[in-house]
Amino acid sequence: MSQQSITIRRPDDWHLHLRDGAQMQSVVGHTARQFARAIVMPNLKPPVTTTAAALAYRERILAALPESAHFEPLMTLYLTDDTAPDEIRRAKDSGLVHGVKLYPAGATTNSAAGVTDLKRCWRTLETMQAVGMPLEVHGEVTHAAVDIFDREQVFIDEQLIPLRAAFPALRIVFEHITTSQAVQYVRDCSGACNTLAATLTAHHLLFSRNAIFTGGLRPHFYCLPVLKRENHRRALVEAATSGDPRFFLGTDSAPHARSTKEAECCGAGCYTALHALELYAQAFEDAGRLDRLEGFASEFGADFYGLPRNQGSVTLTRSPWTAPASLPFGDEPLVPLLAGQQINWRLGQV
Ligand code: NCD
Ligand code: ZN
């Protein structure tokens, strides 16, 4: 008989978008129910570019949490061409900023203020390396000549390899990887190397790019980096379920109001904070590797970031339920991934 439940150490989400204001208020409880901590992305409007702004954002997140929640937001800064080395030192000294996010300018939602040329950040990256501040990387090039499905692999060759050669001790998280080339690149980093890791989303483990086009155009499957071919999906599942500690959980849950998804020009992002663990459990079960979920979800990320593993546990039960058609999001609806569809696993009490 197939396994009916699984109990794991309380997990963390190492890549999350919470937005701000009433929208954040609507979604933060979902993540707090699923995860003990989350690395909170800084791509607000305006972006979170200073320690002071990150600490103020953190206070707003804490104030928006449901009373019963035990959840710790782990803050990040948004790297720009002008981020000063001193800002990195302030961030490190705060003890509350756990990474600096590289968005190549124009790569994704709210990335216009991102980095136009990494060379402009050299001194800042040097400081990050020196003080031990991780760099979280949206790994896609943006030049129009590069096919959108190839942006990640070109980024490895053009940006990541020279970056790691220049800063071998800089700790880098290659975020939401989507290709077999990215898996291979992370793996090739030699056994003793503990400076490079990658996060994987539930949607990239479960779906190939076919999902975007099944029976018509499906905006709720559109995210960045865009879903890739089935052979890439399989490589991601293999990496996630391999027990290799350099691959760990990061949902990239990215809420967008329904009106901006079901639109002529659809925003990029999938909303998975509602049912993230259930989706990951499905992917691990499909691979016959539920036993490897705990390391991926609850251990390897904390170890990489140098934070203690959580106390306590969560239980997932095989108990099918239907994902809601929509959820509140400020004063608009938000459509979760797999809205209206059956989810096989269920977190918490049945
Ligand atoms: C993210 C968002 O909406 O903020 N969108 C997405 O498709 N993942 C930005 C990002 O992480 O690329
Ligand atoms: Zn993201």
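Student: At what relative accessibility does Asp 20 count as partly exposed?

Tutor: This is a predicted model, in which local features need pLDDT of at least 70 and side-chain atom pairs count only at pLDDT 80 or more, while totals for chains, interfaces and linings use all residues. Residues are numbered from 1 along each chain as its sequence is written, chains are lettered from A and ligands numbered from 1 in the order in which they are written, and side-chain values use heavy atoms, leaving out hydrogens and water. Partly exposed is the class between buried (under 20% relative accessible area) and exposed (over 50%), computed with a 1.4 Å probe on protein chains only. Asp 20 counts as partly exposed, its relative accessibility being 28%.

Student: With which residue does Asp 20 form a salt bridge?

Tutor: A salt bridge here is a side-chain nitrogen of Lys or Arg within 4 Å of a carboxyl oxygen of Asp or Glu. The closest N and O atoms of the pair that includes Asp 20 are 2.8 Å apart, and the partner is Arg 60.

Student: How many residues apart in sequence are the parts that Asp 20 and Arg 60 tie together?

Tutor: Helices (H or I, at least four residues) and strands (E, at least two) are DSSP runs numbered from the N terminus. Asp 20 lies in the loop between β2 and α1, whereas Arg 60 belongs to helix α2, so the pair ties together parts whose separation in residues is 40.

Student: Which residues make up the network of salt bridges that includes Arg 234?

Tutor: Arg 234 forms a salt bridge with Glu 230, with the closest N and O atoms 3.0 Å apart. Both residues lie in helix α8, four residues apart, about one turn of the helix. Arg 234 is exposed at 55% relative accessible area, whereas Glu 230 is partly exposed at 28%. The network links Glu 230, Arg 233 and Arg 234.

Student: In which strand does the partner of Glu 285 lie?

Tutor: Glu 285, which is partly exposed with a relative accessible area of 22%, forms a salt bridge with Arg 318, the closest N and O atoms being 2.7 Å apart. The pair links distant parts of the chain, 33 residues apart, with Glu 285 in helix α10 and Arg 318 in strand β10.

Student: Within what arc do the buried residues of α4 fall?

Tutor: In helix α4, Thr 124, Leu 125, Thr 127 and Met 128 are buried. They line one face of the helix, because, seen down its axis, they fall within an arc (of the directions from the helix axis to the C-beta atoms) of 155 degrees.

Student: Against which elements do the buried residues of α4 pack?

Tutor: On the other side of α4, Arg 123 and Ala 130 are exposed. Taking contact as heavy atoms within 4.5 Å, the buried residues pack against α3, β5, β6 and α5.

Student: What is the volume of the largest cavity?

Tutor: A cavity is a set of points, on a 1 Å grid over the protein atoms alone, where a 1.4 Å probe fits but cannot get out, and lining residues have an atom within 4 Å of a point. Of the 18 residues that line the largest cavity, those closest to its centre are His 17, Thr 108, Leu 224, Asp 252 and Ala 254. Grid points are joined across faces, edges and corners, and a volume is the space filled by probe spheres set on the points. For the largest cavity this volume is about 120 Å³.

How values were computed
1 Å grid on protein atoms, 1.4 Å probe; cavity = no way out; pocket = protein on both sides within 12 Å on 5 of 7 lines; lining within 4 Å.
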